[in-house]
Amino acid sequence: ASTVTAGDGSYSFDNLGPGTYFVQETVPAGYSQTGGNAGYVVVVTSGLNSGGNNFDNFKKGKISGTKYTDITGNSFSADDTALGGVTINLYQGNNANGTLVASTTTAADGSYSFDNLGAGTYFVQETVPTGYTQTGGNSGYVVIVTSGVNSTGNNYDNTPGTGSPEER
């Protein structure tokens, strides 16, 4: 038999005859199982009610942002344009000295994302393109991922050239 959990997460199989049963969940897409092992073996005898056969799931996290070209050198303003083809790195830990876990390249619209992340502290950092100076996005973002975290707005802004807008 199979069943679907109620809104409160509970489930039950009623009116089972004597025998040995194995209870296992189908882990929902975008989640990982963190409790309940691979399932439970339940031996049913007359009048037995078996409880505590619980499953725990962690909803995987996502970190995303956009990479911009800062035309006027004033950091994050309406005149900024998307910048594709820039490398964004994801480290485990709270700085770039952590373990590099993923790298991606910004899309033509400047967007990037890291999906299906487990619990932990991550550091997101751009590789400033040659010929550009970073004007927004600091040196990176620290994001703490807990179940269901969807961290957006981790944006970067770079201006072409070096020095002040007057020197360019």
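**Notes on the predicted model**

1. **Packing in sequence.** Please keep in mind that this is a predicted model. Taking contacts between residues at least 6 apart in sequence, 59% join residues at least 24 apart.

2. The protein has 14 strands and zero helices. Going along the sequence, the pattern reads β-β-β-β-β-β-β-β-β-β-β-β-β-β.

3. **Overall dimensions.** What radius of gyration does the protein have, and what would a compact globule of 168 residues have? The protein has 24 Å, whereas the globule would be near 15 Å. Along the principal axes, the C-alpha atoms fill a box of roughly 85 × 30 × 20 Å.

4. **Surface and burial.** Of the 168 residues, 30% count as buried.

5. **Charges.** You will find 13 negative and 5 positive side chains in the protein. The centres of these two sets lie 4 Å apart.

6. A pair of aromatic rings is described by the distance of the centres and the angle of the planes. The count here comes to six aromatic pairs. In one of them, the rings of Tyr-11 and Phe-55 have centres 6.4 Å apart and planes at 40°, so this pair is tilted. It links distant parts of the chain: Tyr-11 sits in the segment before β1 (19-23), while Phe-55 sits in the loop between β3 (40-44) and β4 (56-59), 44 residues apart. The two partners also fall into separate accessibility classes: Tyr-11 counts as partly exposed because its relative accessibility is 26%, and Phe-55 counts as buried because its value is 19%, the cut-off for burial being under 20%.

7. **The cluster around that pair.** Which residues do ring pairs link into a cluster? They are Tyr-11, Phe-13, Tyr-40 and Phe-55.

8. **Tyr-112 and Phe-114.** Here the ring centres are 6.0 Å apart and the planes meet at 65°, so the pair is edge-to-face. Tyr-112 is buried, with a relative accessible area of 5%. Phe-114 is buried as well, with a relative accessible area of 5%.

9. Most residues other than glycine have a negative phi, and most peptide bonds are trans. Asn-15 has a positive phi of about 60° although it is not a glycine. Asn-15 lies in the segment before β1 and is exposed, at a relative accessible area of 81%. Asn-116 has a positive phi too, of about 55°. Its place is in strand β9 (residues 111-117), and Asn-116 is exposed with a relative accessible area of 54%.

10. **Thr-69.** Is Thr-69 buried or exposed? Thr-69 is buried, with a relative accessible area of 7%, and its place is in strand β5 (residues 61-69). Not counting residues up to four places away in sequence, Thr-69 touches Asp-80, Thr-81, Ala-82, Leu-83, Tyr-132, Asp-157, Asn-158 and Pro-160.

11. **Tyr-122.** This residue is found in strand β10 (residues 120-126) and counts as buried at 5% relative accessibility. Leaving aside neighbours within four places in sequence, Tyr-122 is in contact with several residues, including Ile-63, Leu-90, Tyr-91, Gln-92, Gly-93 and Val-101. Leu-117, Tyr-141, Val-142, Val-143 and Val-145 are also among its contacts. Tyr-122 and Ile-144 are 22 residues apart in sequence and 6.2 Å apart in space, C-alpha to C-alpha.

12. **Ala-29.** How far apart in space are Ala-29 and Gln-134, C-alpha to C-alpha? The distance is 37 Å, with the two residues 105 apart in sequence. Ala-29 lies in the loop between β1 and β2 (31-35). At 76% relative accessibility, Ala-29 counts as exposed, the cut-off for that class being over 50%.

Conventions. Residues numbered from 1 in each chain as written. Predicted model: local features only at pLDDT ≥ 70, side-chain atom pairs only at ≥ 80, totals over all residues. Heavy atoms only, no water. Helix = DSSP H or I, 4+ residues; strand = E, 2+ residues; numbered from the N terminus. Rg over C-alpha atoms; globule rule 2.2 N^0.38 Å. Buried < 20%, exposed > 50% of the residue type's maximum accessible area, 1.4 Å probe, protein only. Contact = heavy atoms within 4.5 Å. Lys, Arg positive; Asp, Glu negative; His and termini not counted. Charge placed at Lys NZ, Arg CZ, Asp CG, Glu CD. Phe/Tyr/Trp six-rings, centres within 6.5 Å; stacked < 30°, edge-to-face > 60°.
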